[in-house]
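Please read it alongside the sequence and the coordinates.

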Amino acid sequence: MAKRKIAVIGVGKIAQDQHLPVIDGSADFELAATVSTRGLAHKGLPVFKTPAELYAAMPEINVVSICTPPGIRHQYVREALDAGKDVMMEKPPTTTIAELDDLIAHAKRLDRVLYQTWHSQYNAAVDRAKALLAEQGVTAARIDWRESVRKWHPGQDWVWEPGGFGVCDPGINAFSIFTKVMPYPVFVEASTLTFPANRQTPIDVAITFKSAQAHKPKLSAGFNWLEESGEIWTIRFETGTGDVVKLEGGGRTLKVNDAVVLQHGDGEYAAMYDHFADLLDRHESDVDTTPFRLMSDVFLIGARVNGPDFQW
């Protein structure tokens with residue numbers, strides 16, 4: 001079967017680090033063009049400044065992967081759907097829940113495939129943890145998600161603008177795992193968001209959760225964007241049978257009582273594109289809104305604290 005021609009819209013760090021190399025090695029997709037306001041091409045392929053230019057020049061491309069910052073996502077996805085394209089979206093999906101709901105409904109009206117990606121969900125260790133927690137239950141959970149904004153978003157001022165999410169941009173990766181593996185729904189009980197005095201999005205967030213469970217599990221999270229010692233991407237669970245289950249490395253290592261049960265490398269984006277190919281074969285959409293809704297509640301009821309200025 002011939003590979004599907006795909007275009008990548010938005011050639012920033014995540015597209016260059018993950019999407020383009022994965023497509024280059026894909027058995028299902030062939031990169032046909034890029035869209036970049038900076039004119040960034042890939043391996044000499046056509047590059048366009050706007051999606052409209054792409055659609056006019058290469059109407060044969062029926063699939064796009066949109067990797068722009070979330071602020072422009074709603075407009076670009078709607079434009080792609082209107083042009084008859086099937087769409088993959090990077091995370092976070094949009095800047096508001098209403099925008100995401102509109103895209104889901106619009107894709108359904110037009111009978112197009114819409115796929116919202118959550119790369120951290122695509123780990124075998126995450127799937128194994130989900131099965132363990134479904135069997136044993138959860139009495140407590142703690143998320144610690146700490147990394148360096150200077151490393152992962154160097155000079156990218158959009159992360160500090162309204163709608164840029166700040167430290168909740170990586171934090172939503174933790175939520176995508178958390179909401180997938182938890183055996184019952186969780187809700188935001190309280191949150192405190194610390195904003196640099198000269199920026200518009202948070203650099204540190206503390207969260208407590210609640211649930212409808214009679215045993216009242218203790219559930220909390222902490223995100224920080226000034227961690228320079230290395231990434232700390234850990235979720236720790238205490239189970240109903242007394243075990244301690246840990247997901248480390250962003251979901252790539254599973255430990256039970258400090259013993260490694262499963263550990264693997266980075267195959268998240270390759271798995272996402274495999275799933276996208278399956279969705280296209282079945283002509284089905286896949287949009288998990290739960291991580292985004294939970295993160296929205298962090299902002300909705302959060303207390304704001306002003307911290308020191310941030311400079312690159």
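1. Overall form. The model is predicted. The chain contains nine helices and 15 strands. Its C-alpha trace spans about 60 × 45 × 35 Å along the principal axes. A compact globule of 312 residues would have a radius of gyration near 20 Å, and the chain agrees with this, at 20 Å.

2. Burial and contacts. Of the 312 residues in the chain, 50% are buried. Among contacts with a separation of 6 or more, 70% are made by residues 24 or more positions apart.

3. The largest nonpolar core. This core has 71 residues, and L54, F223 and F237 have the most contacts inside it. Helix α7 gives the most to this core, namely seven residues. A second, separate core has 21 residues, including V8, I23, F29 and V63.

4. Surroundings of L54. Leaving aside residues up to four places away in sequence, L54 touches A7, A33, V35, F48, I61 and V64.

5. Helix α5, dimensions and end. Residues 124-136 form α5, a helix of 13 residues. From its first C-alpha to its last it reaches 19 Å, close to the 18 Å expected at 1.5 Å a residue. Just after α5, G137 takes a positive phi of about 80°.

6. Which residues of α5 are buried? They are A125, V126, A129, L132, L133 and Q136. These residues lie on the same side of α5, because they cover an arc of only 120° around the axis. An α-helix has 3.6 residues a turn, so residues three or four places apart point the same way. The face turned away from the buried side of α5 carries the exposed residues A134 and E135. The cover over the buried residues of α5 includes β7 (138-146), α7, β11 (232-239), β12 (244-248), β13 (253-256) and β14 (259-263).

7. Helix α9. In α9, which comprises residues 290-300, the buried residues include P291, F292, L294, M295 and V298. They cover an arc of only 165° around the axis and are therefore on the same side of α9. Among the elements that cover the buried residues of α9 are α4 (97-110), α7 (168-181), β8 (187-196), β9 (204-210) and β10 (218-224).

8. Residue A140. Residues up to four places away in sequence not being counted, A140 touches P217, K218, L219, R236, F237 and E238. One of these contacts, F237, is also among the residues with the most contacts inside the largest nonpolar core.

9. Cysteines. How many disulfides does a search of the whole structure find? The search finds zero. A disulfide is a covalent bond between the sulfur atoms of two cysteines. C67 is buried, with a relative accessible area of 8%. C168 is likewise buried, with a relative accessible area of 0%.

Methods
Residues numbered from 1 in each chain as written. Predicted model: local features only at pLDDT ≥ 70, side-chain atom pairs only at ≥ 80, totals over all residues. Heavy atoms only, no water. Disulfide = S-S within 2.5 Å. Buried < 20%, exposed > 50% of the residue type's maximum accessible area, 1.4 Å probe, protein only. Helix = DSSP H or I, 4+ residues; strand = E, 2+ residues; numbered from the N terminus. Arc of directions from axis to C-beta. Contact = heavy atoms within 4.5 Å. Expected span 1.5 Å × (residues − 1). Core = buried A, V, L, I, M, F, W, Y, C linked by side-chain atoms within 4.5 Å. Rg over C-alpha atoms; globule rule 2.2 N^0.38 Å.
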